[in-house]
Amino acid sequence: GHEVVEKKMVETPAELRGNVKCNNPLGICDNEPMATIFNVVDKAKGIIKCHYCDKEQEMSKAKLC
């Protein structure tokens with residue numbers, strides 16, 4: 001299983017809410033009117049993961065909604 005380790009950094013929030021669009025065409029975010037939540041999984045590479053469908057994407061390529 002996954003172990004969540006609490007990391008606190010100032011530069012990048014650990015979580016992005018409501019302003020990034022998930023790039024999973026079948027994901028709940030695209031089909032439901034809801035705020036997206038992304039967890040930052042790799043700050044160095046800028047990788048974020050959708051809280052709902054676990055799809056990862058690069059922050060630099062993420063579309064804002």
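Entry 1, ground rules. I worked with a predicted model, in which local features need pLDDT of at least 70 and side-chain atom pairs count only at pLDDT 80 or more, while totals for chains, interfaces and linings use all residues. I numbered residues from 1 along each chain as its sequence is written, and side-chain values use heavy atoms, with hydrogens and water left out.

Entry 2, strands. I took strands as DSSP runs of E with at least two residues, numbered from the N terminus, and I called two strands paired if DSSP finds at least two bridges between them. Strand β1 (residues 15–17) runs antiparallel to β3, with three bridges joining them, and I found Ile37 in β3 as the bridge partner of Arg17. Four bridges join β3 to β4, also an antiparallel arrangement, where Phe38 stands opposite Cys50 in β4. The hairpin of β3 and β4 has four residues between the strands, and there Gly46 takes a positive phi near 75°.

I placed Leu16 in strand β1, and Leu16 counts as buried because its relative accessibility is 13%, where buried means under 20% relative accessible area with a 1.4 Å probe, protein chains only. Leaving aside neighbours within four places in sequence, I found Leu16 in contact (heavy atoms within 4.5 Å) with Thr36, Ile37, Phe38, Ile48 and Met59.

Key: Buried means under 20% relative accessible area, exposed over 50%, partly exposed in between (1.4 Å probe, protein chains only).
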